[in-house]
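Thank you for making time this morning. I would like to walk you through one model, beginning with the terms and then moving from its aromatic rings to its core and one of its pockets.

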Amino acid sequence: MTTESPPGLEDLDLSGLDFWARPLDERMAAFAALRAREHPAFFPEMSVPLVPAGKGYWALVRHADVSEASRRQDVFSSEPSATTIPDLPAYMGRYFGSLINMDDPRHAKIRRIVSRAFTPRMLAKTEDDVRRRAARIVDELIDSGPGDFVAKVAVRLPVEVICDMLGIPERDYARVIARTNVILGNSDAEYTGVDPDRIDRFTMARALFRIVRAARDLHRLAARLGRERIKNPTDDLTSALVNANVDGERLTTRELGSFFLLLVVAGNETTRTALSHALKLFTDFPEQRRLLLEDFHGRIGGAVEEVVRYATPVIFMRRNVTRDHEMNGHTYHAGDKVLLFYNAANRDEAVFPDPDTFDITRTPNPHVGFGGPGPHFCLGANLARREITIMLEELFTRLPDIHAAGEPDRLLSGFINGYKRLPCAFTSPA
């Protein structure tokens, strides 16, 4: 295996936070250069105190590679981890061992149980709830006036919807937001409390403890709700999960906690990030905004897909090579790690004409913003699409001039392409 730096990209380090602090255009240019290489580039892992060091990973940046690896879980495994570059130590893995980090048959078992909870009846009920909540959020935005779009709109809708689906009481909404911010913001000083210029074993241990503590708190919330729903079943998702029985199989307490954590984190972040990017994109590209508003219902479907492609809320997932395998002219060896860079695949010139252009009429649009094709395609993709659609309809119908009033405060992360804050402005309706 060769581990030298990519030719012409000697200073590029996808593992370092310095790269992810660069402007978006610079990052995308680096990924374009990686796509132009004949073979994937290999990158060393960043050293993380208290976490076992790995030798590095191959960066898959082409649409064809990401798609094929996504389909082949027999070769490109999600175990032991799909969401972190290093292998998680046992004390962290117990909280994050959800189905996103599993292969069949364990993955199929849990997804089969979970899928019973996403019935057409429950999704129909959820859509009505999304509409009511979106209308109320815009009511309150109008009453309070311009401000931070992320806090006032983008973060609220998805977290309220997923909490309601799970039966989480309203008094715990702020708790869920705070815990998910810590988990997903695990490389941003605002959430870790660690100055990236002063990292040592003590400060890193403190940051890791905060992440574990946040995950443990969500597991405890899941366990409490699970016990209540076993005794007194309701029509919420937690009740459906703990009482589901498929061929005699039920979720264990740990499986419930891990999947609960996955739902509140993933169910919050993708929609939150896509909505935040949507406002910025429709501000930066006013011709696309005009196009959408000329025929909202005819074009919103394509607009949502293009927002997700262009923004790519989740930047990568990891896969682990189970045996020697050749793919698209490159040989991978058993034990190798690969990172599926969805952001790079979604700008692949071989698949998307003018990939750096935001075009809501783009068709076809086979993006991988909800993951690649295969068993790990996002279970909540359709719910996220409906949330984004309904929220944009409510905003642009009632506040047609709402726009981003400044640059976003970006999350420092190589995993989530998120905004922490985004100022918005609008003319209040008479």
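Let me start with burial: a residue is called buried when its relative accessible area is under 20%, exposed when that area is over 50%, and partly exposed in between, using a 1.4 Å probe and protein chains only. What you see is a predicted model, in which local features need pLDDT of at least 70 and side-chain atom pairs count only at pLDDT 80 or more, while totals for chains, interfaces and linings use all residues. Residues are numbered from 1 along each chain as its sequence is written, and side-chain values use heavy atoms, with hydrogens and water left out.

First, the aromatic rings. Rings of Phe, Tyr and Trp (for Trp, the six-membered ring) are paired if their centres lie within 6.5 Å, and the pair is stacked when the planes are under 30 degrees apart, edge-to-face when they are over 60, and tilted otherwise. The structure contains 16 aromatic pairs. In one of them, Trp58 and Tyr332 have ring centres 6.3 Å apart and planes at 90°, so this pair is edge-to-face. Helices (H or I, at least four residues) and strands (E, at least two) are DSSP runs numbered from the N terminus. Since Trp58 belongs to strand 2 (residues 57-60) and Tyr332 to strand 7 (residues 330-332), the pair ties together parts that are 274 residues apart in sequence. Trp58 is buried, at 4% relative accessible area, and Tyr332 is buried too, at 0%.

A second pair, Phe285 and Phe358, has centres 5.6 Å apart and planes at 40°, so it counts as tilted. Phe285 sits in the loop between helix 13 and helix 14 (286-294), and Phe358 in the loop between helix 16 (342-345) and helix 17 (381-398), so here the parts tied together are 73 residues apart in sequence. Phe285 is partly exposed at 22%, whereas Phe358 is buried at 1%.

Phe19, Trp20, Phe31, Phe316, Phe341 and Phe415 form one aromatic cluster. A nonpolar core is a set of buried Ala, Val, Leu, Ile, Met, Phe, Trp, Tyr and Cys residues joined through side-chain atoms within 4.5 Å. The largest such core has 130 residues, and Phe341 is among those with the most contacts inside it, together with Leu14, Phe282 and Ile402. Helix 13 gives the most to this core, with 14 residues.

Which helix is largely enclosed by the rest of the structure? Helix 8 (residues 156-166) is, because ten of its eleven residues are buried.

Finally, the second largest pocket. On a 1 Å grid over the protein atoms alone, a cavity is a set of points where a 1.4 Å probe fits but cannot get out, whereas a pocket is an open set with protein on both sides within 12 Å along at least five of seven lines, and lining residues have an atom within 4 Å of a point. Of the 25 residues lining the second largest pocket, Leu24, Asp25, Tyr310, Arg347 and Arg410 are the closest to its centre. Helix 2 gives the largest share of that lining, seven residues.
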